[in-house]
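Work through the exercises below with the sequence and the model open. Try each task before you read its solution.

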Amino acid sequence: MNSLRKAVKDYVEMRRALGYKMYKAAVLLPQFVNFLRQQGASVITIPLALQWAQSNKRAQPAEWAQRLTIVRCFARHWSATDPRTQIPPWGLLPHRPKRARPYLYSDEEVQQLLQSARRLGGLRGPTYYCLFGLLCVSGLRISEALNLRSVDVDLSA
């Protein structure tokens, strides 16, 4: 089991050296190794990986799938060292997080927003009025509008 703990540490360090952040994996993989130890297992198996991934009953299915993916990636790496390692297949816990539905403001709501922005005191009022107006007429994302520079605009064209 100590070799598996060291393998997790080495795996996380190697992936970080390759540019991956590995925030969740660095926390979850040691928990998975502890789970294996508690189960008396010395090898990664698909049933144990699945059981661990779904161990938090309050979690959403998307989190279960993410936990299993973290184990899958490590198991694929570890299988080169220990051929007994079982790699959980893709699609075992197929779930994607639900995306928020976009909300499109009506013309009336946009007018109310612009009027409210204009009433703000000081420089904030005209600034927000221009920003919201630009977003409405251009289709820019907020980050694109905030990062605009004068060289990005060709007023003569």
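**Exercise 1. Is Arg 84 buried or exposed?**

Solution. Start with the ground rules. This is a predicted model, in which local features need pLDDT of at least 70 and side-chain atom pairs count only at pLDDT 80 or more, while totals for chains, interfaces and linings use all residues. Residues are numbered from 1 along each chain as its sequence is written, and side-chain values use heavy atoms, with hydrogens and water left out.

Step 1. Set the cut-offs: buried is under 20% relative accessible area, exposed is over 50%, and partly exposed lies in between (1.4 Å probe, protein chains only).

Step 2. Read the value. Arg 84 has 52% relative accessibility, so it counts as exposed.

Step 3. Look at its partner. The side chain of Arg 84 meets that of Asp 82 in a salt bridge, 3.1 Å from N to O. Asp 82 has a relative accessible area of 8%, so it is buried.

**Exercise 2. How many salt bridges does the structure hold, and which side chains meet in helix 1?**

Solution. Step 1. A salt bridge puts a side-chain nitrogen of Lys or Arg within 4 Å of a carboxyl oxygen of Asp or Glu. The structure holds four of them.

Step 1. Find Lys 6. Its side chain forms a salt bridge with Asp 10 at 2.9 Å, N to O. Both residues lie in helix 1 (residues 2–17), four residues apart, about one turn of the helix. Asp 10 is partly exposed because its relative accessibility is 33%.

Step 2. Find Lys 9. Here the partner is Glu 13, and the closest N and O atoms are 3.1 Å apart. Glu 13 and Lys 9 sit four residues apart in helix 1, so about one helical turn separates them.

Step 3. Compare each with the cut-offs. Lys 9 is exposed because its relative accessible area is 52%. Glu 13 is at 44%, so it counts as partly exposed.

**Exercise 3. What pattern does the protein chain follow along the sequence, and how spread out is it?**

Solution. Step 1. Count elements. Helices (H or I, at least four residues) and strands (E, at least two) are DSSP runs, numbered from the N terminus. The chain has seven helices and zero strands. Its pattern reads α-α-α-α-α-α-α.

Step 1. Check the dimensions. The C-alpha trace spans about 70 × 35 × 30 Å along its principal axes. Of the 157 residues, 27% count as buried.

Step 2. Take one pair. Asp 107 and Phe 35 are 72 residues apart in sequence and 55 Å apart in space, C-alpha to C-alpha. Asp 107 belongs to helix 5. Its relative accessibility is 66%, so it counts as exposed.

**Exercise 4. Which residues line the largest pocket?**

Solution. Step 1. Define the site. On a 1 Å grid over the protein atoms alone, a pocket is an open set of points with protein on both sides within 12 Å along at least five of seven lines; lining residues have an atom within 4 Å of a point.

Step 1. List the lining. Tyr 105, Val 110, Leu 113, Phe 132, Leu 135, Cys 136, Leu 140 and Ile 142 line the largest pocket.

Step 2. Assign helices. Helix 5 (107–118) and helix 6 (124–138) each supply at least two lining residues. Helix 6 gives the largest share, three residues.

Step 3. Sort by class. Ala, Val, Leu, Ile, Met, Phe, Trp, Tyr, Cys and Pro count as nonpolar, Asp, Glu, Lys and Arg as charged, and the others, Gly among them, as polar. The lining has eight nonpolar, no polar and no charged residues.

**Exercise 5. Which residue has a positive phi although it is not a glycine?**

Solution. Step 1. Recall the background. Most residues other than glycine have a negative phi.

Step 1. Name the residue. Met 22 has a positive phi of about 60°.

Step 2. Met 22 lies in the loop between helix 1 and helix 2 (23–38). At 13% relative accessibility, it counts as buried.

Terms used
1 Å grid on protein atoms, 1.4 Å probe; cavity = no way out; pocket = protein on both sides within 12 Å on 5 of 7 lines; lining within 4 Å.
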